[in-house]
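Open the model in your viewer and keep the sequence beside it. The tour goes from one selection to the next.

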Amino acid sequence: MTSPTNAHFDLLRSRLLDEQKEIEHRLTENDHYGLAHSLRDDTGELSSIDNHPGDIATELYEREKDVALHEQEELHLNRIDAALQAMDNSTYGICATCNEPIPLERLDAVPDTLHCIEHAPRQHLSLRRPVEELVLDPPFGRTSMDEQDSYNGFDGEDAWQIVEQWGNADSPAFSENRDVADYDHVGIDAYENDGFVEPLESFIATDITGRHVSVIRNREYMHYLDTGEGDHGLESENPNENE
C-alpha cells in the first residue's frame, strides 16, 4: 500500500476543485437540467393534465430523468465538499469508519472518498422488493380463484386473458410458457380450454329437451379424434346424421 505525501494531497485537492468548478458550471449552463423552469413553461401547455396524464408521458419521463441527474450532481458536489473539509481538518486519507489509512491507489481512483474499500457505503445490494409486487404479480392480482378447488366461475385471471388476447408487449421469448413458439400461445394459460372444461363439450349438443344428442363436426371434434381420444371407426357414413 502506497501512502500519500503532501504532493499527492495537493494534486488531489486540485482535482477536487476542478471537478467542483466543472459541475457548478454545468448546472448553471443547463439551468440545473431544466429544473429551473416549471413543466408547464417547458411544454407550453396551460395545464399539464388538461386531457389525460398520458398526453405528457414523454415530458414527464424526461423530467424524472432530469431530476435523477440533478440529484446525482448534487451528491457529487456534497462528496467533494466533504473531502475538501476533511483536507482542511487534516483527516483526509483516513477512513471515517475504521480510522485506517486509505491507500493512495483508491484516493487516486476516487478522490472524494472518505472510506476505505472495505467500509465503502452502498456496496451491498438490497434484497428488498417493491411492496407493489404483492398486488401486481400476477397481473390479475388477488382476484384469481384457481387455488380454490370449489370455484369454477369467471375470475380475475379469465378477465386478464380476454384483455390479453388483444395484444401486449410480450413476445414468445418472454412468455411464461417455456415451449411456446408463436404469438398465438404467448398469453397466460393460452392452452387452457376456452368456454368449456372437457373437450367433448365443444362439439356435443342437445335440443331444448336435453334428450336428443348430436355431434357438431367442428375443428375441436376433429382434433379430439386426431389426438386419440375418439374413435374414427364410430363415425357415421352420413356426416350430417345426428348421433
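This is a predicted model: local features need pLDDT of at least 70, side-chain atom pairs count only at pLDDT 80 or more; totals for chains, interfaces and linings use all residues.

Residues are numbered from 1 along each chain as its sequence is written, and side-chain values use heavy atoms, leaving out hydrogens and water.

**Stop 1: helix α7.** Select residues 219-226, which form α7. Helices here are DSSP runs of H or I, at least four residues, and strands are runs of E, at least two, numbered from the N terminus. Which residues of α7 are buried? They are Y221, Y224 and L225. Buried means under 20% relative accessible area and exposed over 50%, with a 1.4 Å probe and protein chains only. Because the three cover an arc of only 95° around the axis, they sit on the same side of α7. The arc is taken from the directions from the helix axis to the C-beta atoms. On the other side, R219 and D226 are exposed.

**Stop 2: around α7.** Now pick N218, which caps the N-terminal end of α7. One of its side-chain oxygens lies 3.3 Å from the backbone nitrogen of E220. Just after α7, G228 has a positive phi of about 85°.

**Stop 3: the cores.** Select L16, M87 and Y92, which have the most contacts inside the largest nonpolar core, a set of 16 residues. A nonpolar core joins buried Ala, Val, Leu, Ile, Met, Phe, Trp, Tyr and Cys residues through side-chain atoms within 4.5 Å. The largest share, six residues, comes from α3. Finish on the second, separate core of five residues, including F203, V215, Y224 and L225.

Terms used
A polar contact is a pair of N or O atoms within 3.5 Å; within protein, one must be able to donate a hydrogen and the other to accept it, and residues adjacent in sequence count only if both atoms are side-chain atoms.
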